[in-house]
Amino acid sequence: MNPHAALRGLRFTKMHGAGNDFVVLDARAGPPELSPEAMRWIAERRTGVGFDQLLSVEPARSEGSALYYGIWNTDGSAAGQCGNGARCVAAWALRAGLVDASTFRMDSPSGAVEVQVHALDDIEVSLGVPDFSARALPARGVGAPDGVLEFEGEVYKYRGVSMGNPHALIEVADLASAPVPGVGATLQADRRFPDSVNVGFAEVIDAGHIRLRVYERGVGETQACGSGACAAVAVLHARGRVDATRGVAVDLPGGRLQIHWNGPGDAVRMRGPAVFVFEGVFCE
C-alpha cells in the first residue's frame, strides 16, 4: 500500500514558534492514522512540507480541557512535550473557534497545559513542574540523572531534568563554538539514557539572560525548543546561575522566549510567539 495514500485530501497548517516549525493536523474526528514512513515523508523539507514536530489537535481527554494534542518527531517517534508546539496549538485553537477565552487548558501526552493568551501571536503556557529525579527522565548510573561525558578529549558536565520529556543541560562558556551536534548525538546514544534525551547547551549572560542551543532527540538541532528553554532555566536557577523568579530571557537561534519559575513545586511558565505560515492540502 502506498504510505502516502492516507494523506490524500488531508488539510494541514504550517506554523512556527521562534523558528521551531510544525505541521498541525485537525484530528478532532479522530487521531491521524499515519505510519512513521508517512510522517517522515511530510517532514522532508525538499519533497514534503518540512517540520520539527507534527502536532495533531484531537478531542480533550480530561474534563475541563479544550483539546488534546499529540506530538511526533521527524523520524516518526512520539514525543512527550513541546513548548513551542503548545503555543502554536493554542493559537490554532483560538483561530478555529475551539476556545474563546484568554485562559484555558489543553491536554498533552505529559499532562495538562494551562494557557494564557496575551495576543494571538503572544501566548504563555505552563509546562509543568521540573522533575530532577532519575526515574522521571529516565536515567541510569551512579549519580543519575547528572553526570559527565567525554568527547574528543573534553569533559562536559550535564544535569538532567524532565519537563514531561527528558533533558540534559550543559553549561558552556561560548555557545557559538560548542560542539552541539557531536556532543548532542553522543549523549543521546549513551546507555545512561535508555529513552534518549534532548541535549541543551547554555551560555549565561547574566541572571536574567541566557543563550541556548538544543539538540533534540528524533530531530537534531532546532531553531528553538520551548521545553528545552524551560529545562535550561530550571537547572540554572537551581544552581543559582539565574533568577527565574524575576524572569529569564532565553535567546535561541530562532528567537527569544521568556521563562518564569518560582522554584520547586511550581510549574515553569513560558511566553513567546506563535506564527501562522500557510495552509494546504496533501495531494499525494
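No disulfides were found in a search of the whole structure, a disulfide being a pair of cysteine sulfur atoms within 2.5 Å. The structure is a predicted model, in which local features need pLDDT of at least 70 and side-chain atom pairs count only at pLDDT 80 or more, while totals for chains, interfaces and linings use all residues. Residues are numbered from 1 along each chain as its sequence is written, and side-chain values use heavy atoms, with hydrogens and water left out.

The sulfur of C225 lies 6.8 Å from the closest cysteine sulfur, that of C82, which is too far for a bond. C225 counts as buried because its relative accessibility is 2%, whereas C283, at 71%, counts as exposed. Here buried means under 20% relative accessible area and exposed over 50%, with partly exposed in between (1.4 Å probe, protein chains only).

Helices are DSSP runs (H or I, at least four residues), numbered from the N terminus, as are strands (E, at least two). Twelve of the 13 residues of α4 are buried, among them C230, V233 and L236. Just after α4, G240 takes a positive phi of about 80°.
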